Amino acid sequence: MERIKFIERRLIFVDDLKNLCADKNLYTMGDEKCLGKMLNKCRKPNITTEDIIEIAKDIHIYSHLPEGMDFTDLCSEIAEISHSFFERIAMD
């Protein structure tokens, strides 16, 4: 009998992250080079919690967070725009 394992992959699309920053008026103090480096952090085959925190740190450095938003809120906003995919893997 074939054994099956499921894994989750999480992705953040660059356009979704750019739209989040634009919609929340974030990353207003960074130049194009800095923005590009931050956006490259989401060009991975699987985004981890640590990646989300790193992206949030970068955004926080170049932003004045909106009133009422703290760092953990920013992390949650980034996590909300991520997309989870579940893959089936056959095991020997």
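Predicted model: local features only at pLDDT ≥ 70, side-chain atom pairs only at ≥ 80, totals over all residues.
**View 1. R10, a buried arginine without a salt bridge.** R10 sits in strand β1, which spans residues 3-11. The residue is buried, yet no salt bridge is present. E8 carries the nearest side chain of opposite charge, 4.9 Å away. Leaving out residues up to four places away in sequence, R10 touches P45, N46, I47, T49, I52, S82, H83 and S84.

**View 2. S82, a buried serine in a loop.** S82 lies between α4 (71-80) and β2 (83-91). Its relative accessible area is 16%. S82 is therefore classed as buried, since the cut-off is under 20%. The S82 side chain reaches the backbone oxygen of A79 at 2.6 Å. Beyond its neighbours within four places in sequence, S82 is in contact with R10, L11 and I12.

**View 3. Y27 and Y62, the aromatic pair.** The structure holds 1 such pair. Y27 and Y62 are tilted, with 35° between the planes and 5.1 Å centre to centre. The pair links distant parts of the chain, 35 residues apart. Y27 belongs to the loop between α1 (14-23) and α2 (32-40). Y62 belongs to the loop between α3 (49-61) and α4. Y27 is buried, at 7% relative accessible area. Y62 counts as partly exposed, at 24%.

Definitions and conventions: Residues numbered from 1 in each chain as written. Heavy atoms only, no water. Helix = DSSP H or I, 4+ residues; strand = E, 2+ residues; numbered from the N terminus. Buried < 20%, exposed > 50% of the residue type's maximum accessible area, 1.4 Å probe, protein only. Lys, Arg positive; Asp, Glu negative; His and termini not counted. Salt bridge = Lys/Arg side-chain N within 4 Å of Asp/Glu carboxyl O. Contact = heavy atoms within 4.5 Å. Polar contact = N/O pair within 3.5 Å; in protein donor to acceptor, adjacent residues only side chain to side chain. Phe/Tyr/Trp six-rings, centres within 6.5 Å; stacked < 30°, edge-to-face > 60°.
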